[in-house]
Amino acid sequence: MPLYPVPILVNGATHSAEQFRAMVQDLARGAEGITEGADLKVTQLGTPGTSVQVASGSGVVRGRVNAFQGSYAVRNQGAETVAIASTGGSPRSDMLILRVEDPQYEGTLNPEVDQINYFQVISNVSSSATAIPDGRTGIPLARIDIPASTSTITNAMIKDIRKVANPRRESRLLTQSPASQSTGISGSSSVYSYFSTAAGWNITIPSWATTARIKIDIAAMRIINGALYGAVRATFGASLTLQLTVIDDNQNPATRRVSSLIADTVTIPDAYRGTTQLLRTQAAGGSGNGATIYVDGSSTLVAQVEFEEGPR
């Protein structure tokens, strides 16, 4: 019968390797790749040479030979060195993969004495390749683009093509309403100032986060005096600045309200992971600006921050 006679795990029952691989596939939700962002990263040797180094880490490899093969849990415990052949008179791209060769479905390896998962170099792939170019079972780790007449591999030649099998995500929705009117921001030299009564948000960054997608809505800013030409943006920590958004409000000197949006995707620096950083909005007047801009008790700021895990 096609149904497994007993589920995992039942005392006294025997479970096949295929049934355990089916469980790995289910737990991985059918995905494959590395487990966490730093796993199985390929880099040059400490002193660059004719090999590369694969960092420790784990992953999931989906079987491709048989529809019911399932998925393999693989692990590299400690760094491993993999040799890369030198080039001749022409450049060449090689792909380094973590290969699984299960003799239940292919090949003649003996799992009692042979290593059936191993690092393998596929030579002479396309210079833009990011996926294994044939049907073999494995996950890609890096493409190595080697110039002509080269035997020493450096990080500049290594293209990271790892994918996280099931990347973690965390989204937060934050609001803020100033208690009073801020100091006015004006001028025409594009010098940014923070809204004095909008203190921003102190945000704890997950230790696994690689990128952050940030969207900030600033509703009902107060504008007085002449025509407004300027921009709003935000800073995140000491080193990240979000893409600015221009505000062009060529109106008469009457007091009025405008709203704007800031959005960007930023790469999280290594030093930021696991720390708390301040996200805060700024504004500036640009060339020709004649207005002054404020936030006050009738303004609202809303920030949505989504962190995502990826290779790093």
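**Figure 1. The side chains of E106 and R99 are joined by a polar contact of 3.2 Å.** A polar contact is a pair of N or O atoms within 3.5 Å; within protein, one must be able to donate a hydrogen and the other to accept it, and residues adjacent in sequence count only if both atoms are side-chain atoms. The model is predicted: local features need pLDDT of at least 70, side-chain atom pairs count only at pLDDT 80 or more, and totals for chains, interfaces and linings use all residues. Residues are numbered from 1 along each chain as its sequence is written, and side-chain values use heavy atoms, with hydrogens and water left out. E106 sits in the loop between β7 and β8, whereas R99 belongs to strand β7 (residues 92–100). Strands (E, at least two residues) and helices (H or I, at least four) are DSSP runs, numbered from the N terminus. Beyond four places in sequence, E106 is in contact (heavy atoms within 4.5 Å) with V65, R99, V100, E101 and T137.

**Figure 2. Surroundings of R99 and Q120.** R99 counts as buried because its relative accessibility is 8%; the term means under 20% relative accessible area, against over 50% for exposed and partly exposed in between (1.4 Å probe, protein chains only). Residues up to four places away aside, R99 touches E106, I116, N117, Y118, Q120, R136, T137 and G138. Q120, in strand β8 (residues 117–122), has a relative accessible area of 19% and is therefore buried. Its side chain and that of R136 form a polar contact of 2.9 Å.

**Figure 3. Helix α1 (residues 17–27) and its buried residues, Q19, R21, V24 and Q25.** These buried residues pack against β4 (57–62) and β5 (71–76). Just after α1, R29 has a positive phi of about 55°.

**Figure 4. The largest nonpolar core, with 35 residues.** Such a core is a set of buried Ala, Val, Leu, Ile, Met, Phe, Trp, Tyr and Cys residues joined through side-chain atoms within 4.5 Å. The residues with the most contacts inside the largest core are I214, I216, I218, M221, F236, L279 and F307. Two or more residues come from each of β13 (201–204), β14 (211–225), β15 (228–236), β18 (256–267), β19 (276–285), β20 (291–294) and β21 (300–308). β14 gives the largest share, six residues. Residues up to four places away not counted, I214 touches F236, L242, I262, A263, D264, V266, L279, Q304 and V305. A second, separate core has 24 residues, among them L40, V54, I139 and M157.

**Figure 5. The largest pocket, with a volume of about 170 Å³.** On a 1 Å grid over the protein atoms alone, a pocket is an open set of points where a 1.4 Å probe fits, with protein on both sides within 12 Å along at least five of seven lines; lining residues have an atom within 4 Å of a point. The largest pocket is lined by 13 residues, of which E32, T130, I139, P140 and K163 lie nearest its centre. β1 (33–34) and β9 (138–146) each supply at least two lining residues, and β9 gives the most, three. The lining divides into seven nonpolar, two polar and four charged residues.

Conventions. Points joined across faces, edges and corners; volume = space filled by probe spheres on them. Nonpolar A, V, L, I, M, F, W, Y, C, P; charged D, E, K, R; others polar.
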